[in-house]
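Colleague: I would like to go through the labels on this model one at a time. For each one, please give the value, then the rule, then the conclusion.

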Amino acid sequence: MSTEFESETEQSKTVLQIEEATVRFCGDSGDGMQLAGTQLTNTSALAGNDVATFPDFPAEIRAPRGTLAGVSGFQVHFASTDIFTPGETVDALVAMNPAALKTNVADLKAGGVLIANADAFDKKSLDQAGYAENPLEDDSLASYQMFKVPMTDLTRRAVDGLDLSQKEADRCRNFFAMGLAFWMYGRSLDPTLRFIEAKFKKLPAIAEANRRALTAGRNYGETTDAFVSSYKVDKAKLPAGKYRNMTGNQALAWGLMTAAKLSKKDLFLGSYPITPASDILHELSRYKNFGVRTFQAEDEIAAVCSAIGAAYSGHMALTTSSGPGIALKGEAMGLAVMLELPLLVVDVQRGGPSTGLPTKTEQSDLLQVMFGRNGECPMPVIAARSPADCFEVAIEAWRVAARFMTPVMILSDGYLANGSEPWRIVNFDDLEPISIKHPEGPVEGKPFMAYERDEMLARPWAIPGTPGLMHRVGGLEKQDGTGNVSYDPKNHQHMTDTRAQKVRNVAKLIGDQEVMGEPSGDLLVLSWGGPYGSCRTAVTKLQAEGHKVSHAHLRWLNPFPANLGEILGSFKKVLIPELNMGQLSLLIRNQYMVDAVSLNKVQGKPFHVTEIIEKAKTLLP
Amino acid sequence: MASVELPVLKPGDYGSDQDVRWCPGCGDYSILAQMKKVMATLGWPREKTVFVSGIGCSSRFPYYMNTYGMHSIHGRAPAFATGIKSCRPDLNVFVITGDGDALSIGGNHFMHAVRRNVNLNIVLFNNRIYGLTKGQYSPTSELGKVTKSTPMGSIDNPMSPLSLAIGCEATFVARSIDVHIKHLADTLKRAAEHPGVSFVEVYQNCNVFNDGAYKYATDKAVKADNVIEIEHGKPLIFGKNRDKGIRLNGMHPEVVELGKGITEDDLLFHDEQATQPTLAYLLSRMRYPEFPEPIGVLRCVDAPRYDDLLNEQVAQARAEKGEGDLDKLFNSGDTWTVE
Ligand SMILES: Cc1ncc(C[n+]2csc(CCOP(=O)(O)OP(=O)(O)O)c2C)c(N)n1
Ligand code: SF4
């Protein structure tokens, strides 16, 4: 069912027209802030805004209540223009308790709206957050438009008579907060009412309580004198088409399923749960009727090995993980390189090393996925740039894996995986099919050569069950052509060269690197992965100021596009912003001898546009 | 309609064109020969069979079989095989592994493939030593074993592969000996035909690094006293003159002599189909020199198989929801249109 929404809320107060807004909900990790953020996102998207989100939550499922460590936040950026980031500073902050206020208020812009759940600012909670005084009562927050809302009390009253325990009643507070935010931005309640209906079908009392809390929040905004105005953000002028909201992990899962159908293959996923990659496993597990087989293995090693088995037997196979799991898969990936089988390995990066910051984002696995295997073991590497882009990246990765008979690494990260944005729905029939041919039998009078190569150096994908093509693969070095075990020194050199050349040949398929802006100038911002949006926005702003700046965003990191060297040489300076300590820089400097400047950040957070602009300006004449 | 006749295959048809490179005298040759013989009797098309192995001397096995095969990485063969079998239930998948491969580095995967009851045939070549890496002790080496890595003797308590498999709910567990060729062939055949995971431990002589490890079980002069051939429904009798047996004393097995008031009926009767694995486990604990070691099928029961269940779920989902329609999925839920 597809429906269109208009904002139906009638406003009796002043409505200020604005172009964009960034709203952040923050509270205790049990307060339902992720849900509140998701609902505001979906409603805004349905109202036609462009949206981008940034969920940010602690590693502990339930850190002690009210502590600084337990604060969970969800930021939504919605706009009437095409946007590329979840916003920098926050226009409106909803803080459910003192700890949430303390950890988030610094991001609220001067004059921004601060809505605090006044009921939660009791002595104990203030102590826990380390406030000597109640910040709502002194002058410390004077630079914001502060609204002290007794949300706990108002919610309890709204659900009065429903025979709920106090705990159950209080759990509806997030719906009250949503209702208030919805009023403030002129959002329809309908999508969320529908969500409540579907989600709490079996719990009618809870459904009713949430409905009442949501409506109470909206009505509170409407009737209380404290709020004098609300805001209106027009529909965004996105390219025409039908849209839906998607997180990166969902888009990746759907892209993989689409790639499977395009190549007339069933999909096999071998995986072991790890944040932030698990949702791909969860999502794919739901689609058995699409021929998807998911295997929750005993560990990451078994996960990748089962996928290689599936690939050998003729399926579209993949394994999904995050950095620590990718480390465990290294040896098996090397085998896949030797076997020359198509396989997708998805790395949803998170903060490292080791367990690092498991729920926070980072781009620091690039060198691991480039080099983290024993021996000379090159693999193509592709990186998604935004949540919706994960869809296309999945398809492109499989196109390459199947065409070149090679494992391919897909890089995403926590920020893309959990963040969401509108995705323009595609028609399956409009997508280019992926043609895969398996040899059907032996050629008369010719023994089957498992490592005979085509013009791209790919070998044939002969699958078990085919008469006459019986062959053995393994990790011991192969004689080129026959695939028999060979210790011949010259052959090993030749095979090493061939495997490397095969990966370089991928550049013939992926096309030229595009540049946003002039093809030459004072500065090129070169980016990959999640920082795409911040870099693009920063460069657009710099260009508007008249600077000779361009932006190139890499989708393939191995191999690099054929014309990249030429592009790099056309700019006086190159800036590479990365959420790591300079990993792409290392590769670029090495391969192109370019004195690129790095902008590095490992704080578990994406770049702010201003950070990139500031750094860029130091390099401009 | 013309009937398609399957060609009659001979053991020789199962040999690949690759030179077999085990040390002369290695027990692996005998297992390879019996496997080829069994293959020829199964009536399966060669192309429907896949041999998957890990790393070790024994793991070179797939190269020598003219079937499909994968020589994978150390210890992980059960995981590769699970992927193959899950996608392609039509294939007959064998896992060839060694004691180090299966029980040391691959202990975890072995355990999980067994408890899932994936329809694999796992054959463990147990030479109680690391052959390929030239003679370090293995998880089945006896206490006090002097090797290159244990000059003062091993202080690791050895494990019983059969007990481990039974502990993991294995539905088919058996043991045989490389030189006991008829027994080995029969056992491999039964394992191959078992629906569900089958686990066969084969005592294998590594004549280079652990020669004679199973002399007690292979030496004509003593083997009848040290090995007991178990058969379903039969009493546990052994000895050169078949005059000894195993009796249960409470929960404990004991060796008794027949005659002098003890008859066959007093002995323990083997029931490989017992629903509880207790008896199989008890047998797996009988070790030389205290007991004769059982060879034959310890356990053979039926249970749901992982690969069947997985593919049934796929079929069920397709029957209930229809073949997946991507356009329908893309357009489901909340969508909006930009003009
Ligand atoms: C990851 C890894 N670690 C270690 C090795 C070295 N290695 C190869 S085979 C082997 C042990 C083999 O012993 P076993 O499984 O008993 O087989 P056998 O050679 O005796 O048949 C070891 C330790 C390896 N190949 N890979
Ligand atoms: S080292 Fe031992 S197990 Fe390996 S081939 Fe030689 S005899 Fe056989």
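**Labels and their rules**

Modeller: A backbone N or O atom of Leu132(B) lies 2.9 Å from an oxygen atom of ligand 1. Before going on: residues are numbered from 1 along each chain as its sequence is written, and chains are lettered from A and ligands numbered from 1 in the order in which they are written. The model is predicted, with local features needing pLDDT of at least 70, side-chain atom pairs counting only at pLDDT 80 or more, and totals for chains, interfaces and linings using all residues; side-chain values use heavy atoms, without hydrogens and water.

Colleague: Where does ligand 1 lie, and which residues come nearest?

Modeller: Ligand 1 sits between chains A and B. It has 17 residues around it, where "around" means a heavy atom within 4 Å. Those that come nearest are Cys57(B), Asp99(B), Asp101(B), Gly131(B) and Leu132(B).

Colleague: How many charged residues are in the shell around ligand 2?

Modeller: There are none: the shell has six nonpolar and three polar residues. Its members are Trp22(B), Cys23(B), Cys26(B), Cys57(B), Asn127(B), Gln204(B), Cys206(B), Asn207(B) and Phe209(B). Ala, Val, Leu, Ile, Met, Phe, Trp, Tyr, Cys and Pro count as nonpolar, Asp, Glu, Lys and Arg as charged, and the others, Gly among them, as polar.

Colleague: How many residues does each chain give to the contact between chain B and chain A?

Modeller: With contact defined as heavy atoms within 4.5 Å, chain B gives 58 residues and chain A gives 76. The two chains bury about 5,700 Å² between them, 59% of it on carbon and sulfur atoms; buried area is the accessible area (1.4 Å probe) that two parts lose on being put together, summed over both. Tyr68(B), Phe330(B) and Trp336(B) supply 16% of what chain B buries against chain A, more than any other three residues.

Colleague: Why is the pair of Arg116(B) and Glu298(A) called a salt bridge?

Modeller: A salt bridge needs a side-chain nitrogen of Lys or Arg within 4 Å of a carboxyl oxygen of Asp or Glu. The closest N and O atoms of Arg116(B) and Glu298(A) are 2.8 Å apart, so the pair meets the rule. Side chains of opposite charge can pair when their charged atoms come close. Between chain B and chain A the count is four salt bridges, and over all chains the structure holds 46.

Colleague: Which parts of chain A does the salt bridge of Asp107(A) and Arg24(A) tie together?

Modeller: The closest N and O atoms of Asp107(A) and Arg24(A) are 2.9 Å apart. Asp107(A) is in the loop between helix 2 (98–104) and strand 6 (108–117), and Arg24(A) is in strand 2 (20–28), so the pair ties parts that are 83 residues apart in sequence. Helices (H or I, at least four residues) and strands (E, at least two) are DSSP runs, numbered from the N terminus.

Colleague: Which domains does the assignment give for chain A?

Modeller: They are domain 1 (14–233), domain 2 (244–430) and domain 3 (521–619), with bounds from an automatic or database domain assignment. The centres of domains 1 and 2 of chain A, taken over C-alpha atoms, are 34 Å apart. Their contact takes 16 residues from domain 1 and ten residues from domain 2. One salt bridge is counted between domain 1 and domain 2 of chain A. Asp56(A) and Lys360(A) form a salt bridge, with their closest N and O atoms 2.7 Å apart.

Notes:
Polar contact = N/O pair within 3.5 Å; in protein donor to acceptor, adjacent residues only side chain to side chain.
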